[in-house]
Amino acid sequence: MYRIGSGIDFHRLVEGRDLWLGGVKIPAEKGALGHSDADVLLHAICDALLGALALGDIGHHFPDTSQEFKNIDSKILLERTISLVWGKGYEVVNVDASLCLEKPKIKPHIAAMQQTIASILKVTIEDVGIKATTMERMGFVGREEGLAAMATVLLKKRG
Ligand SMILES: [Zn+2]
């Protein structure tokens, strides 16, 4: 009836790239490096959705060796992932996610991220929890070398 999944993702932060988080472009000095737009939050949610149904991981479904996914908008990856979930007869109950980065401040952007993710997953914004934390200047996140995201999702079999 119910399935739970978890996802985790990391990306390097570099100058000269845009910072996309939760499907929203965030004004920042550095952006995340990756084959796609490197949206660490959407990638963690994709992995949580896939994990809930033991469907493997994002790298298996959207290989970073494929030109098809070069600089791709990760909202498209989330759309494709949720289509797989619906195809298996499941729908999302809720998502809870955490971002780990030193800066910029994420709070002003959380509502836009919730809206973006909720509309793709066909849930309400109350079903999409997003938190953000720094690492108190410790480690790779603290040195602003990278960022991380974790996500948990609950799926329910359609009646
Ligand atoms: Zn990623």
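Which residues in helix 3 meet Thr116, Ile120 and Leu121 in helix 4? They are Lys75, Leu78, Glu79, Ile82 and Trp86, where contact means heavy atoms within 4.5 Å. The model is predicted, so local features need pLDDT of at least 70 and side-chain atom pairs count only at pLDDT 80 or more, while totals for chains, interfaces and linings use all residues. Residues are numbered from 1 along each chain as its sequence is written, and side-chain values use heavy atoms, with hydrogens and water left out.

Helices (H or I, at least four residues) and strands (E, at least two) are DSSP runs numbered from the N terminus. Axes are lines fitted to C-alpha atoms, for helices over the stretch in contact, and angles run from 0 to 180 degrees between N-to-C directions. The crossing of the two helices is right-handed, that is, the near helix is turned clockwise from the far one by less than a right angle.

The loop between strand 5 and helix 4 holds His109. This residue counts as buried because its relative accessibility is 19%; buried means under 20% relative accessible area, exposed over 50%, and partly exposed in between (1.4 Å probe, protein chains only). Beyond its neighbours within four places in sequence, His109 is in contact with Ile26 and Pro27.

Five strands form an open sheet in the order 4-1-7-5-6, with mixed pairing; two strands pair if DSSP finds at least two bridges between them. Strand 4 (31–33) and strand 6 (128–133) stand at the edges with a single partner strand each, so one side of each is left without a neighbour in the sheet. From one strand to the next the twist averages 30°. Strand 5 (residues 90–100) pairs with strand 6 in the parallel sense over six bridges, and Asp96 stands opposite Gly129 in strand 6. Helix 1 (residues 40–52) lies across strand 1 (2–14), strand 5, strand 6 and strand 7 (146–157), and runs at about 150° to strand 1.

Asp9 (OD), His11 (NE2) and His43 (ND1) coordinate the zinc ion at 2.0 to 2.1 Å. Donors are N, O and S atoms within 2.8 Å of the metal (3.2 Å for Na, K and Ca), and water is not among the atoms, so sites may look incomplete. Along the chain the donors follow the spacing D-x1-H-x31-H. Both Asp9 and His11 are buried.
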